Structures are given as C-alpha cells and as structure tokens.
Amino acid sequence: MPFTTPFWGLFDYQLDLDVYREGARTVWEGGSLYDAKLLGQMDYTYAPVSVVVLMPFAWMSFEAARIVWSIGIIVALYVVIMLCFAALGRRATWPLRSLAVGLVAVSMLLEPVRTTIWYGQINVFLLLVILADLLRPDGSRLKGIGAGIAAGIKLTPLIFLLYYALLRRWRTMAGVVGGFLLTMVVGFVFLPSASWSYWTDKLFDSNRVGAPQTLGNQSLRGMIANLAHSDAPNQLLWLTVVLIALGLGMTAAVLAHRNGHELLALSVVGMTSCAISPMSWGHHWVWFVPVLVICVDLVLRTDLSPIRRMLAGAGGVLLVLVAFAWRTHFAYPMWFVNRVMPDAYLMGLFFKAETGPAWAQFFLVYPYNAIFLGTVLATIVVLGRRSAVPDSSGVTAASSSEKLS
C-alpha cells in the first residue's frame, strides 16, 4: 500500500498520537484526564506521568507532532537494533550500521512496527528505554531505573521485577521499583486528582483499553475471547493459561540469562508480558525486533555449524512471515474508531481469520502465540541441555558496551 494512501497510508493517521496530544491539552486546560472523551470517544489509558512527558507535543500542530514522532520512531528503531548487535558482541562498524539500516526497513514491514508508526504509538520508545537500561552490566549505577520509568508510563514492564527476583538481582529490582515510584511521585505532584483517579480506580478497568473479543487483541485473554466469541472469557481458564505461559516464559528467560544470552532473556520477558496482559494490541509486540536481530546474528556467525545457521535463518523468516503486515481489504463501509470508512485496509495476519479456513482459526486468531511459544520452547530445549556456564558464544553486556564505544 502506498505511503500516501489517504487515511490508510503509513504516515497518514497517527490516531493515538492525537489522543496523547488531546489528553495533554485537556490537562493543560484544567479538564479531567480520565473522564474526558478525547476526540469524541477515546479514553486516556496511560499513567498520569505520561502527560508530563507528552506535553510538548500538545504545544505543536498535529502535522508537526506527526513528523517529529514518526522520525523519532525510525531513529529509535535504528538505535534499538544497534544496541542489540552490541549486546551480541558486535562492533559498530560501517557494514554493521548499513545492515542495521536494512533491518529498520524490514522491521517496518512487521505489523507491530508498522501499526506503531501508523497509530503514532509509544511502544518503540519504551523498548529503547528498557533495552538501553537493562542491557548494561549487573552492578551498573541506577540499573533498572529506566525500566521502572517505562513501567510508570505503561504498566507491563513491571514483569521485569519477577525476572530479577528469580535471578536474585535485588539491586536491579530496587532500581525498577525506584523508577516506578518516581513516576508516581511526579504524577501526584503535577496531577494529584488524576493520579488518585488512575491508581485507585481506572487502573483496574481493562475494558477502557478495548473489548477482549477483538482480533487485534493478541493476548491470551484475547485468544480465548475470540475463539469463544465472548467478551467475557472464562476467568479460570485465562488465569490457568497465563500461569502456564508465565512459567514457560520465565524458565526460558532464566536459562537464557544463565547461558550468557541476556538480549534473548529480556526479549522473552517482554513477549511474556504481551502474552499475559489482559489487552495486547498487535503493536505491543515490538519485542519481535530484538528476536529478529538475534536470528540475523546467528546466521552471520561463522563459528556455528551450517545446520544451526540455517535453522536460525528459517526462524527469522518464519518470524517475518507470521508478523508481516499482511493487508486485508474489507470492501464495505466500516465504523473505524471515530468515523465511517467506505472500505478498510487492515493490517496483520489475525485479520485473515475473517476469511480463513475453519481449521486454521486457532492459528489465525492468535498468530503471535506461534512466535512466543516457538521462541520459548526453542530456548528451553536448546539451552536446557547446556551447562549454566556461558559458552564461547556468550558475551557479557559489559564487553559488548566496550566494543561499541
């Protein structure tokens, strides 16, 4: 689809960015952040401190904000990819930088990244903050603060508390808690009423984010709701599946950490947060980007056997195919968020569930489950057989940072 396609083009919508701006403007004008219907019908769902961060965009025109935000996402993607290569022990050479630019282009073809840009979402920025913080060596000063601040904006990064508790990294845990509490303090200082409303009430209403039975909801709760065709999925079933996913995810993450693969560990934790969250839109799954970089790195590794490199390449190709921004054209009028469109172009393999065969519904309704489950199981099977001591391929974040500098 051309970038210039009205409304559906990559840089021609940015609804969520407009919601951020309207929320900040509402606060600036003295309104009630969590009671206002932004743009006529939208709720503000992030924590109050986010308004402080987003306020400068409320002072820009929408066109200026859209340009700055979109360029920022692309730059952040490049920095994320370079951080990933550094964590994998690669020097920041010009060939590597050129490869990173190419991977930015490939990443923009993935539905999570494509819709992050199209909606004007914040996910890539949070991914950058978390990786830049947690890929630093253990014992680094204030490690965890960045992840805590990210959690103070969007709660899902709090899952890293469990990860570091399992590793007994109490100092990093304290950093995450400290960063999170800092955002709460800032919120109460600048927005006391909104903060009280959010932390005592709005936080617990997951339906403010969206109805569970939505094809774009790529969480386990969304999977159950869509397969059962119900907006009230069985709570016991959901909690059971969540506990299984959490157990598998954390097992894989701890194994990856103990074998010196910290980037993989963090990526698995990030994907686990998307799986177990009550609502996870496709664009929340930007954690596919570091997983793709890991696959590319393995393919380029000359010290691995051809079979292992081929398997890594196949894994990367499958990731791209499943997470690709597949287009589905609905050639009839459709109500889309806040307007009626004469037709619709919706992105993501999950929208193929509308027209796909019945036998493929389980996969099509929740395709990101395949990437999450495949990554977790592969990690457990491969690394579970190895010693907990990092092998020659394991590179610490400390040495990686030195190489990058």
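Modeller: Happy to. Let's start with a helix: α6 gives the most to the lining of the largest cavity, with four residues. Keep in mind as we go that this is a predicted model. Helix α6 covers residues 123-134, and α8 (159-167) and α13 (262-276) join α6 in each supplying at least two residues of that lining.

How big is the space itself? The largest cavity comes to about 210 Å³. There are 17 residues around the largest cavity, and the ones closest to its centre are Asn-123, Thr-156, Ser-273, His-284 and Trp-287. If you want to find the spot on screen, picking those five residues will take you there. As for how many cavities there are, the structure holds one of 30 Å³ or more. Such empty space shows up when a probe the size of a water molecule is rolled over the atoms. Sorted by class, the lining has nine nonpolar residues, seven polar ones and one charged one.

Now for Trp-285, which sits in the loop between α13 and α14 (288-300). Trp-285 is buried, at a relative accessible area of 0%. Val-124 is 161 residues away from Trp-285 along the chain, yet their C-alpha atoms are separated by 9.6 Å.

Next, the cysteines. A disulfide is a covalent bond between the sulfur atoms of two cysteines. By that rule the count is zero. Take Cys-274: the closest cysteine sulfur belongs to Cys-84 and is 15 Å off, so the two are too far apart for a bond.

On to the rings. The structure holds 28 aromatic pairs. One of them brings together Tyr-20 and Tyr-46 in a tilted arrangement, with 5.5 Å between the centres and 35° between the planes. Tyr-20 is part of helix α1 (residues 15-28), while Tyr-46 is in the loop between α1 and α2 (49-58), so this pair ties together parts that are 26 residues apart in sequence. Tyr-20 counts as buried at 5% relative accessibility, and Tyr-46 is buried too, at 7%.

Another pair joins Phe-350 and Tyr-368, and this one is edge-to-face: 5.9 Å from centre to centre, with the planes at 85°. Here Phe-350 is in the loop between β4 (344-347) and α16 (361-365), and Tyr-368 is in helix α17 (residues 368-383), so to speak a link between distant parts of the chain, 18 residues apart. Phe-350 is buried with 1% relative accessible area, and Tyr-368 is buried with 0%.

The charged end of Arg-97 sits over the ring of Trp-94, 5.3 Å from the ring centre. Arg-221 lies over the face of Trp-238, at 5.8 Å from the centre of that ring.

Last, two spots in the backbone. Most residues other than glycine have a negative phi. Gln-14 has a positive one, near 55°. Gln-14 is in the segment before α1, and with 0% relative accessibility it counts as buried. His-229 also has a positive phi, near 55°. The place of His-229 is the loop between α11 (220-228) and α12 (235-258). Are these two residues buried or exposed? Gln-14 is buried, whereas His-229 is exposed, with a relative accessible area of 62%.

Conventions: Residues are numbered from 1 along each chain as its sequence is written. This is a predicted model: local features need pLDDT of at least 70, side-chain atom pairs count only at pLDDT 80 or more; totals for chains, interfaces and linings use all residues. Side-chain values use heavy atoms; hydrogens and water are left out. A disulfide is a pair of cysteine sulfur atoms within 2.5 Å. On a 1 Å grid over the protein atoms alone, a cavity is a set of points where a 1.4 Å probe fits but cannot get out, and a pocket is an open set with protein on both sides within 12 Å along at least five of seven lines; lining residues have an atom within 4 Å of a point. Grid points are joined across faces, edges and corners, and a volume is the space filled by probe spheres set on the points. Ala, Val, Leu, Ile, Met, Phe, Trp, Tyr, Cys and Pro count as nonpolar, Asp, Glu, Lys and Arg as charged, and the others, Gly among them, as polar. Rings of Phe, Tyr and Trp (its six-membered ring) pair if their centres lie within 6.5 Å; planes under 30 degrees apart count as stacked, over 60 as edge-to-face and the rest as tilted. Buried means under 20% relative accessible area, exposed over 50%, partly exposed in between (1.4 Å probe, protein chains only). A charge sits over a ring if NZ of Lys or CZ of Arg is within 6 Å of the ring centre and within 35 degrees of the ring normal.
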